[in-house]
Amino acid sequence: MSGSKKMLGADAVLRSLEVEGVETVFGIPGGAVLPIYDAFARGSTVRHVLARHEQGAGHMAQGLARASGKVGVAFATSGPGATNLVTPIADAWMDSTPLVCVTGQVRSHLIGTDAFQECDITGVTMPIVKHSWLVQDVEELPSIMKAAFHVARTGRCGPVLVDIPRDIQEAELSFKYPDSVDLPGWKPPTKAHPRQIREAASRIANADKPMLYVGGGTLNGDAMAELLELAELWRLPVVTTLMGKSAFPETHELFMGWPGMHGPKWSNYATNKCDLLVAVGSRFDDRVTGKLSAFAPGADVIHLDIDSAEIGKLRHADVPVVGPLKQILHGITAELRKLHATGARTKTEPWLRQIAEWREEFPLRYAKGGDFMKPQTVLETLQALTADRDDVIFSTGVGQHQMWAMQYLLCNQPRTFITSGGLGTMGFGIPSAIGAKAARPDATVVCVDGDGCFQMTCQELATATLEQLPIVVVLVNNGYLGMVQQWQSLFFEDRLSQVHLTHQVPDYQALAEAYGAAGFTVTSEGDLEGALAEALTCGRTAVVDCRVDPREGVFPMIPTGAAAIDMLEFQDPQGAMA
Amino acid sequence: MKHTVSVLVENKPGALARVSTMFARRAFNIESLSVGPTERHDVSRITLRVDCERHSIEQIEKQMHKLVNVLRVSELEPGEAVERELALIKVHAPADKRHELVALAEVFHARVADLGADALIFEVVGSPEELDSFEELVRPYGVKEMARTGRIGLGRSSATTTPLRKQHV
């Protein structure tokens, strides 16, 4: 950067964002960030999207990050504004989403006095950020902003927080954005060991029943093309976790679905009966493994990850490879090409045939009939309407609808399935869809939501309509906190406790219209396709209230603590839960 | 099994809190922790004593490496490191017992740091195990109060401590 320039701390924040190439941020003003918002008013190339709740702003920033691979940015004032960001920060921490949160703080001399809207937000968020800064000297602001972006997106991605007291925002500095960061303690791996890459390649070459078990790290590491190249070269089957969904084209012949609690039985068979499990930016989460000791018991493990702390955290790795996945996968492919040149050939064809047999034997099943439309039908119809398009991004809330979305929506383009995996944050869907729309204005962004989730963040429909960030909400409305109901039904003798929300209250169509969005109510399968098609093409924010069977369960299912291959399966006759 | 971990951190606000928060969050127990300056004004040393399995200590080390303020993590191997601790022990000491107590203290090179009408404060430096023994010995006389610093340590000049790289496996 060229010479320095006198300005206020508040302006320095925006100039920093501009240098970082940030186009859109999300936030809500308040007392302790007034100088920063005045700087927005005085002009910036950065677009500020006004959310209706700071949690929404945070999830929007996450949605932008997940749809684009860039760092998301959220602003909030001190105290309650900052604490409302805690959920998105925790979510970004669990799902390794690059996020810079900028919060206002009370004036420096008031810190520690329990001043109005004071909260020790760096203290509150300490266990769930990669790092945080409380700015104490305005001259340090540019280097802190630079460091914040650097830490958020290097190594394993994640959230950081910059807390800026109001007097620092009002103080003058000579602004010069540094060219490099000075963080002697921050040295994420930049290159994997060639010996480990060779060892991984050799193990893969010799495996009869290998499986690529792909997680969200692949998307964060932008290694989708390298993954595809590796899989195709050596005919390796691929399963993706919920977070890894869309890292591999899902209609590809080598794609074998999703392992875990609600993955198809054939996907879990394929994952658990392999002889070599290649973890690619995945972390052996309990929702994937079921009973850990029974997970892929016959497999050796190759673990590829940018974060060495994931190696051996839950499952011993026979071959650990730590570094950027893009480089690692490329390196393994290069080694396999060399082997191929010497006459070595893949041995996976019988294994691929075996998985294909399981696929035939154990398809996803549900039964239509009864008084209600089935939720699976809603997802199947949405899939059919969007199957030919490569410009559709899905987001979800958390619960049954999320699992059906995983099972029935096939994503062939990277970064087109945005969901809260690790933290399981209900209400993630609508704001993250808005953020994705800001990142990809060309795309049609569809939030598959549940009625419970919808009511946690539906105020952001105002943001969608007023900020011209139209999204389509496909509401899988079963009138219940459905996943909780399912667990109460299965494991607490069907004693339903505090889970009934009703189909009718609120009137979702009227609510959508109240927010300036298009509203649809669908009660029968006959009206479904027309309403969804209209919502997808209307160009406005739309809410399609699909009233579905209140007692439909998500199957198959690995009960907690059970081995992944001991899945509960869908049982006809209809009406029975399992 | 017990391990002593020596951590060099940037001397910045919150560095200690970040280390201790990580321990709490990952459910690792700290037996003792001491922090103080080093030969460099901008670097502090945290010495931690933890009781855990080998697998956990590796996790602890890797998780600490990810903290931005952490510069270096090493495990101090017993036998390859000098480990010391300081204790102040206030012992009930009526006039007729003083002579006996002071004689005991001499064995441990403990110094009398304060002398009152019916109590005295011993200052004793040694390995934490030596301090345990001394405390055992004076306990029958009546320990009124005790403060210990927690252990600090340095790898011997002849040995290399196990430097745990910031890089990777």
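In chain B, seven residues of domain 1 touch five residues of domain 2, contact here meaning heavy atoms within 4.5 Å. The model is a predicted one, in which local features need pLDDT of at least 70 and side-chain atom pairs count only at pLDDT 80 or more, while totals for chains, interfaces and linings use all residues. As for bookkeeping, residues are numbered from 1 along each chain as its sequence is written, chains are lettered from A and ligands numbered from 1 in the order in which they are written, and side-chain values use heavy atoms, with hydrogens and water left out.

Staying with chain B, domain 1 covers 2–76 and domain 2 covers 82–152; such bounds come from an automatic or database domain assignment. The C-alpha centres of these two domains of chain B sit 29 Å apart. The size of an interface is often given as the accessible area lost when the parts come together. Between domain 1 and domain 2 of chain B, about 490 Å² is buried, with 48% of it on carbon and sulfur atoms. Buried area is the accessible area (1.4 Å probe) that two parts lose on being put together, summed over both. Zero salt bridges turn up between the two domains of chain B, where a salt bridge is a side-chain nitrogen of Lys or Arg within 4 Å of a carboxyl oxygen of Asp or Glu. Two residue pairs, both at pLDDT 80 or more, are in polar contact across this boundary in chain B. A polar contact is a pair of N or O atoms within 3.5 Å; within protein, one must be able to donate a hydrogen and the other to accept it, and residues adjacent in sequence count only if both atoms are side-chain atoms.

Chain A splits into domain 1 (5–175), domain 2 (194–361) and domain 3 (375–547). Taken over C-alpha atoms, the centres of domain 1 and domain 2 of chain A are 37 Å apart. Eight residues from domain 1 of chain A and six residues from domain 2 of chain A make up the contact. About 600 Å² is buried between domain 1 and domain 2 of chain A, and carbon and sulfur atoms give 50% of that area. Two salt bridges are counted between domain 1 and domain 2 of chain A. A salt bridge also joins the side chains of A:Arg156 and A:Glu310, at 2.8 Å from N to O. Three residue pairs (both at pLDDT 80 or more) are in polar contact between these domains of chain A.

Turning to the two chains, 23 residues of chain A meet 23 residues of chain B. Together, chain A and chain B bury about 2,000 Å², 58% of it from carbon and sulfur atoms. A:Met126, A:His131 and A:Gly185 supply 25% of the area that chain A buries against chain B, more than any other three residues. One salt bridge is found across the interface of chain A and chain B. The side chains of B:Lys66 and A:Asp307 pair up in a salt bridge, at 2.5 Å from N to O. Polar contacts between chain A and chain B come to seven residue pairs (both at pLDDT 80 or more).

Finally, the cavities. The whole structure holds two cavities of 30 Å³ or more. A cavity is a set of points, on a 1 Å grid over the protein atoms alone, where a 1.4 Å probe fits but cannot get out; lining residues have an atom within 4 Å of a point. The largest cavity has about 160 Å³ of space, a volume being the space filled by probe spheres set on the points. Lining the largest cavity are 14 residues, of which A:Arg66, A:Gly216, A:Leu219, A:Asn220 and A:Arg415 lie nearest its centre.

Note on methods: 1 Å grid on protein atoms, 1.4 Å probe; cavity = no way out; pocket = protein on both sides within 12 Å on 5 of 7 lines; lining within 4 Å.
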